[in-house]
Amino acid sequence: MTKLKAITFDLDDTLWDNHGVMARTEEGHYRWLLEALEAWRAARQEPALTLTQEGGREDYLQRRQQLAKQVPERRGDFTWLRMRALEAQLEAEGLTRSAALLWAAAAMNEFHRLRVQVTPHPEAAGLLAVLTERYQLAAITNGNIHLARQPLAAYFSVAIAAGELLAPKPDPTPFLTALARLNVAPEHAMHVGDSWQEDVLPAQQLGMHAVWISALEDQPLPPRVHRIAHVKELPRVLEMLEKASLETHHSGGVYSH
Ligand SMILES: [Mg+2]
């Protein structure tokens with residue numbers, strides 16, 4: 001096998017469990033919005049909001065889904081969808097356009113403050129620190145986390161927010177963009193992620209190596225794909241590949257993909 005030079009990482013459910021923080025963020029930023037807006041209106045002696053936490057969040061979700069259908073090229077740009085949905089909802093509630101824009105932006109600021117409060121797996125920082133000594137590292141996420149606010153960002157020389165490129169995974173664009181910025185050919189790179197459809201397949205089809213984080217063991221794996229149950233097992237796969245690379249080298253083989 002050819003020598004590995006770069007590793008790209010999915011983030012959500014790869015370097016941390018995303019479920020809890022997403023649920024807290026979803027609920028928390030909307031609660032913050034209605035409470036802060038209510039207080040603002042009360043101070044100005046304006047009528048109380050008709051929006052409720054539950055009904056308002058349901059309407060917010062429907063507006064996002066509708067918007068994603070109307071503007072399909074933005075379907076993966078979750079921050080844009082949320083911002084536009086909140087603006088429309090607040091205008092429908094009777095806020096002026098400028099007040100709606102201001103409060104939607106403030107709510108999204110709160111969203112990002114909560115969203116970034118992920119707790120990486122305890123092994124993640126140590127693992128990335130060791131890997132940076134041997135490989136170039138990149139992050140490729142469909143999520144809208146502000147990576148600059150996440151301490152693990154320091155380990156990545158390239159970070160791709162695929163939704164904001166208007167080409168969420170499994171589109172090959174974010175992978176190709178990362179490889180171009182790393183200046184590495186696909187066969188010298190590996191992608192690590194938890195989604196078969198969005199991480200493993202597109203990377204494998206581009207000729208990259210892929211590591212699938214999955215508890216399931218029943219799926220046959222195509223060439224260059226490896227499965228581990230947790231990112232902490234990644235060094236085992238890398239050792240195996242390095243060993244195979246050396247053996248190919250020593251036997252004088254000209255084998256390549
Ligand atoms: Mg993921």
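Two strands count as paired if DSSP finds at least two bridges between them, and strands (E, at least two residues) and helices (H or I, at least four) are DSSP runs numbered from the N terminus. This is a predicted model: local features need pLDDT of at least 70, side-chain atom pairs count only at pLDDT 80 or more, and totals for chains, interfaces and linings use all residues. Residues are numbered from 1 along each chain as its sequence is written.

**View 1. Strands S4 and S5 side by side.** S4 (residues 189–193) and S5 (residues 209–213) run parallel, joined by four bridges. Look for His191, whose bridge partner in S5 is Ala210. Helix H7 (residues 196–205) packs on the sheet here, touching S4, S5 and S6. Its direction makes about 160° with that of S5; contact means C-beta atoms, placed from the backbone, within 7 Å. Axes are lines fitted to C-alpha atoms, for helices over the stretch in contact, with angles from 0 to 180 degrees between N-to-C directions.

**View 2. Strand S2 and its two neighbours.** S2 pairs in the parallel sense with S1 (residues 6–9) over four bridges, and Ile7 sits opposite Leu137. S3 (residues 158–161) also pairs with S2 in the parallel sense, over four bridges, with Ile160 as the partner of Ile140.

**View 3. The inside of S2.** Six of the six residues of S2 (136–141) are buried, so this strand is largely enclosed by the rest of the structure. Buried means 20 or more other C-beta atoms within 10 Å of the residue's own, with C-beta atoms placed from the backbone. Gln136, Ala138 and Ile140 point one way, and Leu137, Ala139 and Thr141 the other.

Terms used. A residue is buried if 20 or more other C-beta atoms lie within 10 Å of its own, exposed if 12 or fewer, and partly exposed in between; C-beta atoms are placed from the backbone. Two residues are in contact if their C-beta atoms, placed from the backbone, lie within 7 Å.
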